[in-house]
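Student: I'm new to this one. Could you show it to me and let me ask a few things?

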Amino acid sequence: MLALVATVAAGIGPVSIEAATVAKVLVNAVRVPVGVELYSGGGSALQLPAVGLRWAPLTDFEVEKLHATIVLSVRLPRIALGATVGFALGAAGVVMQGFFRNPMADPSIIGVSSGAAVGAVLFIVAPFAVPFGLGLRGAAFLGALATAAVVYLIATEGGRTPVATLLLAGVAIQTFLGAVTSYLLLHSGESMRRVVYWLMGHLDASRMTEAWITGLLAVGLVGLMYLYAEDLNAMLLGEEEARAVGIEVERTKRILLAASSVVTGAAVAVAGVIGFVGLIVPHAMRLIVGPDHRVLLPVSALAGASFLVAADTLARSGAAELPVGIVTAALGAPFFLYLLRRREVSEL
Amino acid sequence: MIDVSELSVERGGVEILSDVSLAVEDGEFLALVGPNGVGKSTLLKTMGGLLRPTAGRVLVDGHDVASLSARQTARLVASVPQETSFDFDFSVREIVEMGRTPYRKRLRRNPDPDGGDRVEAALERTEIAGFADRSVASLSGGEKQRVLLARALAQDAPALLLDEPTASLDINHQVRTLDLVASLNETVVAAIHDLELAARYCDRVALLSDGAVRSVGPPGEVFTPELLEPVFDVDVAVSENAVTGTTSVTALSRGETI
C-alpha cells in the first residue's frame with residue numbers, strides 16, 4: 001500500500017511521469033554488492049590495503065535521464081520524508097490514545113509540538129537566543145524534548161505519573177507555549193512569513209539525509225513501542241488491572257512516553273506541525289483492524305505514512321503549492337466529524 | 001499461604017486499614033465481610049500488591065508482595081476486580097490471554113509454551129469457551145465476571161483474590177461462580193456482601209469494621225447477633241438455613257423482633 005502510494009506520488013507533479021517509469025527508476029536505483037575490491041593503500045608501505053565492496057545496479061531499464069533525476073533527487077527525498085513523518089505520527093498517535101485511554105489524545109498531547117514550535121520560531125526570529133549552535137531542526141527537536149520532560153516532571157509525584165495529571169499538565173503547557181509562540185510571531189517582523197509557513201507543516205526542501213536520520217529513529221522507536229503492544233492492550237483495561245496481570249505500569253508508561261515524544265519531536269522538527277495525522281489515522285485503523293495493538297500499531301504507522309505521502313502529493317499538485325499541514329487538517333477534520341457522528345470514536 | 005501482619009494502608013491521605021493482621025491457610029476459602037467502605041477492597045488490593053502499605057506487610061508464600069516486581073506478584077496472586085469497563089472490541093479469548101502476561105518474555109520466539117493450554121482450560125472451566133471469539137463488549141454482566149475469573153485462572157497463581165465476585169450476578173450465576181471457586185482447591189480470599197453465600201461456601205470469614213478485623217473464624221462462630229449488630233448497626237436474626245444447613249443471617253427492620 002505504502003509502496004504503491006509512494007510510486008504513484010513520485011509520478012505526480014509539474015512533470016508528469018508514468019508509474020511504470022517511476023518503478024523502473026526506483027528498481028534501477030537498487031544497488032547490490034557484486035564483488036570485493038582491494039584498494040592499495042598509497043604512500044606509506046605500512047598502510048594495509050583497504051577492502052571495499054563493488055556495487056552495481058541490479059537492473060538497467062531504459063528511462064529518460066531527466067525523469068530519473070526528477071524522481072530520485074526531487075521527489076524521492078520528499079516522499080521518503082513524508083512517509084517517515086507519517087509513520088512516526090501514526091504510531092505515536094496509537095500509543096498516546098492507548099496510553100491515555102482517551103480518544104482525543106494525539107502525539108502532541110503532552111505539548112511536544114508546541115515545544116518544537118517555540119524552538120523553531122525562536123530560531124527564526126532570534127537565532128542568537130538558541131544555544132549550542134543548533135540549527136532550525138535542532139532547536140525544534142530540543143524544544144520538543146524539553147517540553148515533554150517538563151510536562152512529565154510536573155505530572156510525576158513519588159515515582160507515579162497519573163495520566164489525568166499528565167493530560168492536564170500537557171494542556172496547560174501547550175496553552176502557555178502557544179502564548180509564547182504568538183508573542184514571538186508578533187515580533188517576528190520580516191521573518192513572519194517563514195514562521196507561519198513552518199508552523200503549518202511542510203515537506204518541501206526535503207533532503208535524503210533528513211529522511212534517513214528520521215526514518216531510522218522512527219523505525220527503531222516504533223519497534224520499541226511494538227515490544228510493549230501487549231502491555232498497551234492490558235493497560236486499556238485500566239492501570240490497576242495491568243499491574244494485576246504483572247505489568248510494571250509506571251516503567252511501561254515512562255518508556256512509551258519517551259519513545260513517542262522522541263519520534264514525534266523528530267517528525268515535527270523536520271516537517272513542522274502536521275496536524276490530525278496522529279489523531280485520525282489511529283482512529284480510522286482501529287475501526288478497520290480492531291483495538292489489538294500488536295496489529296494496530298504497525299498498521300497505523302504504515303497507514304500514517306501512506307496518508308501523509310498522498311496528502312503531500314495533493315498539496316504540491318495544485319496550481320500553487322500548499323503546506324501539507326493545511327491539506328491533512330482540511331481532509332482530516334471532516335473525516336473525524338464523520339467518525340464522531342457514527343459514534344465510533346468514543347469506543348476507543 | 002497469605003500472612004497479613006500489622007498492616008496499615010492510606011488512600012488519599014486517609015487511613016483505610018489500621019493494624020490489620022490476618023492469616024489465610026493453604027487451600028482455604030476465606031470471606032471478607034463487613035459494611036460498605038470498611039476497607040475490604042483496600043485489603044484485597046494490598047494483598048495483590050496493587051497498593052503499598054504505609055506500615056506492616058503482606059507475605060504470600062513467604063514473599064513480601066511490596067518488594068516483588070509486578071510480574072513476580074502476578075505469578076503468586078491473581079486478582080479479579082469488582083468490575084471492569086470492557087467498552088472496546090477485544091475478544092473473550094484475548095482478554096483471558098492477558099492473564100498469561102507474567103509468563104511472557106519480550107523478544108522470544110515462543111514466549112509462553114503452555115499458555116495456549118492454560119487459556120483453553122480456563123475458558124472451559126468457567127464455561128465461556130462457547131463464546132471465546134465474541135467481543136467482550138457484547139457480553140452480559142455475569143458473562144464479563146466469568147471472563148475476569150477465567151483470566152485470573154489463566155494466571156495460574158496459587159492465591160486468588162476476588163472483589164465482590166457475585167455482586168452483579170443473578171442467583172443462578174452466584175451459585176455457579178462460587179461452586180467453581182470452591183472447587184478450585186486454591187487459596188481464595190473474597191469480599192462477599194451476601195452473608196448467606198459467605199456462610200455457605202467459605203471455610204472461614206473475617207468480619208471487618210472501621211479498618212480493622214473484628215473477628216475471624218468459621219461462619220457459625222462469627223455470624224452471631226453479638227458480633228454482627230454493632231458492626232452493621234442493625235438488628236439481626238441468625239438461624240440455620242433449612243436447605244443448606246448453614247448459617248443464615250436476616251437483617252431486621254427497625255422495631256421488628258423475632
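Student: What percentage of the 258 residues of chain B count as buried?

Tutor: First, this is a predicted model, where local features need pLDDT of at least 70, side-chain atom pairs count only at pLDDT 80 or more, and totals for chains, interfaces and linings use all residues. Residues are numbered from 1 along each chain as its sequence is written, while chains are lettered from A and ligands numbered from 1 in the order in which they are written. A residue is buried if 20 or more other C-beta atoms, placed from the backbone, lie within 10 Å of its own. For chain B, that share is 43%.

Student: How many helices and strands does chain B have?

Tutor: Helices (H or I, at least four residues) and strands (E, at least two) are DSSP runs, numbered from the N terminus. Counted like that, chain B has 9 helices and 12 strands.

Student: Are α4(A) and α7(A) roughly parallel or roughly antiparallel?

Tutor: Helix α4 (residues 112–125) and helix α7 (residues 192–200), both of chain A, have axes 10 Å apart and pack at about 160 degrees. Axes are lines fitted to C-alpha atoms over the stretch in contact, and angles run from 0 to 180 degrees between N-to-C directions. Under 35 degrees counts as roughly parallel, over 145 as roughly antiparallel, 65 to 115 as roughly perpendicular and the rest as oblique. That makes this pair roughly antiparallel.

Student: And how do α12(A) and α13(A) lie to each other?

Tutor: Helix α12 (residues 277–289) of chain A and helix α13 (residues 293–317) of chain A have axes that come within 9 Å and cross at roughly 125 degrees. The two helices are therefore oblique.

Student: How many residues of chain B and of chain A take part in the contact?

Tutor: Two residues are in contact if their C-beta atoms, placed from the backbone, lie within 7 Å. On the side of chain B, the largest share, 3 residues, comes from helix α2 (residues 70–76) of chain B. In total, the contact takes 22 residues from chain B and 20 residues from chain A.

Methods. A residue is buried if 20 or more other C-beta atoms lie within 10 Å of its own, exposed if 12 or fewer, and partly exposed in between; C-beta atoms are placed from the backbone.
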